[in-house]
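Reader: I am new to protein structures and would like to learn how to look at one. Please walk me through this example step by step.

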Amino acid sequence: MTRKRVVLFFLLLLIIPLLCFGQTGKKATSRVSFDFMDADVRNVVRILAEVASKNIIISDSVKGKITMKLENVYWDEALDLVIETAGLRKIEADTVIRVVTSKEFEEDTKRRLLERESFRKDRLERQKMGEEFITETVYLSYVSPADMERMLKGGESAQAAGQQRKGFLSEYGQITQVQWNNALIIKDTRENVTNMVRIIKEHDKKPNQIQIDCKIVQATTNFSRELGIQWGLSSNQTSKALGNKEVLITGGRRATSVSDTGTTTIESTVDMFGFRSGGGSAIPYNVNLPAAVGAGAGGTLGFFIGSATDSFQLDVQLSALEDEGKAKILSNPKVITSDNKKAIIQQGKSIPYKTFSNAGTQTQFAEATLGLEVTPSVTKDGFIRLDILAKKDSADFVNTSGGEPTIDKKQASTLLYVRDGETAVIGGIYERTEASGENGIPGLKNIPLLGWLFKVQTKTDERTELLIFITPRVVKNLYTNEG
């Protein structure tokens, strides 16, 4: 039994303090009850101060009567109610409470504001006279003096002394750039100078160096085919059905001249003659639709059929051309720049062209360049922000204007985020041109199979593909000391 009592005693010792400390949130002020009628306000305030054991000062201007009945309220609540009801104000400072009239409270507030303003003006005057200023020279390693001054002044240009500033300078503080040794001379209060020196050290850091590798790949494939035919037929026969009349079949011809002896010179209307190998009369061609063959392009096959007396002659030439080509152009501009600094690299030609105006004829130049413009910025999570313009302009001497070549432009401009060392395709253009043509004699060229004797056919297929690749890399050993 005695053992149980001992255990219970120790449990109570542990529980009772916990219960006592757990009673939080209760107001630690005394409760009071009052019932006054036409009581002097000064006396009521003194009684409340005595209950709370507070030091109190009551202004001589505090006067008036008050009637009140309060039951079991906190003394500070009762004091606030009395002061508010009587139109008074309370000023607390540590353990002392001042009770004044509203007029005295406003006058006291104005007096404090005037004192602060006077102190501020006095301090500004001393700053203007340079009594509180110190001067310190800060040398910069990586940031230009102009950029650092702009930041310290809140991004604004230089202002006259005494004007309000948005940056870290006081109204009469000054910053002077020293370009020849990359430094700033700062004149300001000691507190401001110390703060600006700390900020300069935080931001005058070695910038990241970024290498941008751009590959512009242009692939071109072209295919063309032409099939053509040329033939002439001449037949000189006597038809018994027509009463032994002469029947002549030949190609188109026209007389160009007649000599005194009666010899007539003729020419073919299709500008083509056929003839027997080794001699014989010329045959004006009926159809002249060749493929565009020539030296190093295509080929022809010809054959001739004729009688011994040239009463029947047929001269035929078949021509065919097929052209297929592939080309791949790789352009690889590469540049290194600092973080948030634009870099430009380009190579090309200036194409001259003439302009005409009232001032006369002038020669100007159009740029046909391979170029890369990029502004990189390294983010905290390992990505590189790229504001980039990649272009490949070239002179097109096939399509001209007034004898001057046009400019074939290919470019991509974009803003993207790429992880360090990774490659991104920022643009691509795929272009395909298919064309087919047929030229021949109307009606006859549409006859199945036989139509090939009266037409020439062409077919072309051109494909062009452009891809632009970007690979940014942070150069980590650019500042390595190698000796």
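**Helices, strands and their neighbours**

Reader: Helix 5 and helix 6 are oblique to each other. At roughly what angle do their axes cross?

Author: Let's begin with the ground rules: this is a predicted model, where local features need pLDDT of at least 70 and side-chain atom pairs count only at pLDDT 80 or more, while totals for chains, interfaces and linings use all residues. Residues are numbered from 1 along each chain as its sequence is written, and side-chain values use heavy atoms, with hydrogens and water left out. An axis is a line fitted to C-alpha atoms, for helices over the stretch in contact, and angles run from 0 to 180 degrees between N-to-C directions; under 35 degrees is roughly parallel, over 145 roughly antiparallel, 65 to 115 roughly perpendicular, and the rest oblique. The axes of helix 5 (residues 145-152) and helix 6 (residues 190-203) come within 11 Å, and they cross at roughly 125 degrees.

Reader: Which residues of helix 6 do M148, M151 and L152 meet?

Author: By class, the contact of helix 5 with helix 6 has 6 nonpolar, 1 polar and no charged residues; Ala, Val, Leu, Ile, Met, Phe, Trp, Tyr, Cys and Pro count as nonpolar, Asp, Glu, Lys and Arg as charged, and the others, Gly among them, as polar. Contact means heavy atoms within 4.5 Å. On the helix 6 side, the residues that M148, M151 and L152 meet are M196, I199, I200 and H203.

Reader: How are helix 2 and helix 3 oriented to each other?

Author: Helix 2 (residues 41-52) and helix 3 (residues 75-85) have axes 10 Å apart and pack at an angle of about 165 degrees. Helix 2 and helix 3 are therefore roughly antiparallel.

Reader: Into which classes do the residues of the contact of helix 2 with helix 3 divide?

Author: Helix 2 passes helix 3 in a left-handed crossing. V41, V44, V45, L48 and A52 of helix 2 make the contact with W75, A78, L79 and V82 of helix 3. Sorted by class, there are no charged residues and no polar ones, and the count of nonpolar residues is 9.

Reader: What share of the 483 residues is buried?

Author: A residue is buried under 20% relative accessible area, exposed over 50% and partly exposed in between, with a 1.4 Å probe and protein chains only. L81, which lies in helix 3, counts as partly exposed because its relative accessibility is 44%. For the protein of 483 residues, the buried share is 28%.

Reader: Is I384 buried or exposed?

Author: I384 sits in strand 21 (residues 383-392). Beyond its neighbours within four places in sequence, I384 is in contact with residues including I210, L416 and P472. P472 is 88 residues away in sequence, yet 7.3 Å away in space, C-alpha to C-alpha. With a relative accessible area of 0%, I384 is buried.

Reader: How far apart in sequence are the parts tied together by W231 and F454?

Author: Rings of Phe, Tyr and Trp (its six-membered ring) pair if their centres lie within 6.5 Å; planes under 30 degrees apart are stacked, over 60 edge-to-face, and the rest tilted. By this rule there is 1 aromatic pair: W231 and F454 are edge-to-face, 5.8 Å centre to centre with 75 degrees between the planes. Both W231 and F454 are buried. W231 is in strand 9 (residues 209-239) and F454 in the loop between strand 25 (424-440) and strand 26 (455-475), so the pair ties together parts whose separation in sequence is 223 residues.

Reader: What is phi of N182 near?

Author: Most residues other than glycine have a negative phi. N182, in the loop between strand 7 (174-178) and strand 8 (183-189), has a positive value, near 55 degrees.

How values were computed
Helices (H or I, at least four residues) and strands (E, at least two) are DSSP runs, numbered from the N terminus. A crossing is left-handed if the near helix is turned anticlockwise from the far one by less than a right angle, and right-handed if clockwise.
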